Amino acid sequence: MRDVESIFEEMRNAIPAGPVRIKEAVDKGKKIVGCYCAYTPYEVIRAAGAIPVTLCSTSDKPIAAGEEHLPRNLCPLIKSSYGFALTDTCPYFHFCSVVVGETTCDGKKKMYELLNRLRPTHVMQLPQTYADPASLALWKTEIERLARRLESELDVTVAESDLKREIAKRNEERRVLGDFYALSTLNPAPLSGLELNIVNEFFKVSFGDEKSLELIRELTSRLRENYKEGERRVAPKKRVIVTGCPTGKSLEKVFNAIEENGGTIVAFENCGGIKPNYELVDETLPPYDALAAKYLGIPCSCMSPNNKRLDLLEKLVADYYADGVVDVILQACHTYNVETFLVRERVKVPYIAVETDYYQGDAEQLATRMGAFIEMMN
Amino acid sequence: MYTIGADIGSVAVKVVLLEDGEWRDGIIVPTGWNPKDSGSEAISAILNQNDLTRAHIARVVSTGYGRNSIECDERITEITCHAKGAKIIFERGGVRFVLDIGGQDSKAISLDEKWNVSDFLMNDKCAAGTGRFLQNMAVMLECELKDFSALPNDIEPHAISSMCTVFAESEIVGLLAQGVDKQALMLGILDSVASRAEGMLRRVGFNSGRSARGVAFTGGASRSINLAELLERRLGVPLLTSEMSQYAGALGAAEIAFREVLSRTRGAG
Ligand code: SF4
Ligand code: SF4
């Protein structure tokens, strides 16, 4: 069995190698479907025989290009996504035949209208509340409509049996991630937040491949065994849960500011972490109903009300013995920004919301903010 | 036993020397281009001036934006140090909030009964609401910063609607052209800073009804009497200011150093 360091090394190397693997898949005749958001039901795309990939959206580089068509005071995630597509600098976008988007926040759904001029973009009409039956029915129809669109775009048929198979597979992926995340409920934490983040990024480029999943399983059991034997990779520090807008490369500055100033990140509630993965698809229900229920239940701030996020955070704070919560807000993300008020009220541990964007210029200020926040817990 | 607190700010370096936890000396020098050199020089200067050497000092704590640039025993953020410093300076004031408006940034801190930071907000991204905004406006109006502290208090501030420095400049050009009184405009500029500060204080929990609601006003801008008056008008409570408030961060750092040495010697003994 490999040791922890070499597993991390392998994961780190796999992340930049993602595009090459996608190119090879395309060369072998595979179709690629580009996705941005956690609401995209990967199971449907996989049942259509294609590979769903997360498109690039977390670098500041293409923002200037994106701003040629988009207003400046828009969330950096949206500008970056569009800028990547416009400049053809996202290899995943380059290879994808269709993009799937959802009517999540205003900026995104309007951006998709422009994106459609660069690549066929199928936009799913996402209802904005999870509890009500009419919304659920609409969302089910939308998932079926996605299946029909993929059938015609990719010239395939999406059978129920394919869906069931892919649901089971994706559930297993979520379970593997869940087991891995649960490691950090141990106190002191068995790994750092930066290492957690490596696994999250690695998972994005696993493309449903069993070998990658096995690597995460292996890492989990290795870390658990070592911990039992008394190994402590990270010194005991203040335990922080990160929540808010989706995480990504350009936000590592926030994670560094936390971990270099007395904190350890024990969980990422964000998309790219726990939020889209903590609930499974019910395998006993008919596939479209099950998918609709699972995906509409994702506690994103686009939902109103979004009590599930508050419940989830409350539970995570308890389960992970969190000392504090850091809410990362991307500039101009109104939904998460407004929600900070409710989150602060609910979490009952020291809480801070930081507004930032993808530029790296505020690293110093972030260090002061995070440092002071962690000093507050002493 | 001596301890030192060094607050390496973007504009000035402030160093405080404590002897057994009591004030012994303090100095302020401009930061200049090199926070590392000016920080170390300020520490040497205060040592010389008191016939001491580094070996006499039990512990040095640095704070401020340049806290990582000098050699010291511990680095603590200016938020925590400010709160500790305010405790000493305003001990008897029943202070629950600290508002600090400096040259480059502004911050609002709320304190619990034990003077620990319970919440804070910082504005360091944009000039509005900081000394930098006043500096820019002074240039525009062809006056000096100190003129913002010598305005008559019987004229109404002329409202400035733009918070952003860039927009405020063109707004002011327009208002001057319309013949609006310059002093009323200056008061208006100060009031826009006050309104920002009020917003920050309210967001960290200030409300005029709260029983313990003392607000300490620190930082370079606290020297403007007019600004303090406008803030008091908005907040509905008197502000506490002090000649010493510039030292709040350094004093807090020196105090934290002192407490640490104390607890260690106690622990060892
Ligand atoms: S935060 Fe919401 S909109 Fe953004 S990726 Fe997650 S689910 Fe989608
Ligand atoms: S971070 Fe906020 S504004 Fe940006 S895409 Fe996500 S929900 Fe929309």
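Good morning. I begin with one pair of strands: in chain B, strand β9, residues 214–218, pairs with β10(B) in the parallel sense over 2 bridges. Within this pair, B:A216 stands opposite B:L240 in β10(B). Please keep in mind that the model is predicted.

In chain B, 5 strands form an open sheet, in the order β8-β7-β6-β9-β10, and the pairing is mixed. Its edge strands are β8 (117–123) and β10 (239–240) of chain B, each of which pairs on one side only.

Let me now turn to the chain as a whole. Chain B contains 7 helices and 10 strands. Its C-alpha atoms fill a box of roughly 70 × 45 × 30 Å along the principal axes.

How does the radius of gyration of chain B stand against that of a compact globule? For 269 residues, such a globule would have a value near 18 Å, and chain B, at 20 Å, agrees with this. Of the 269 residues in chain B, 54% are buried. Among contacts in chain B with a separation of 6 or more, 65% link residues 24 or more positions apart.

Thank you for your attention.

Terms used:
Residues numbered from 1 in each chain as written. Chains lettered and ligands numbered in written order. Predicted model: local features only at pLDDT ≥ 70, side-chain atom pairs only at ≥ 80, totals over all residues. Heavy atoms only, no water. Helix = DSSP H or I, 4+ residues; strand = E, 2+ residues; numbered from the N terminus. Rg over C-alpha atoms; globule rule 2.2 N^0.38 Å. Buried < 20%, exposed > 50% of the residue type's maximum accessible area, 1.4 Å probe, protein only. Contact = heavy atoms within 4.5 Å. Pairing = 2+ DSSP bridges.
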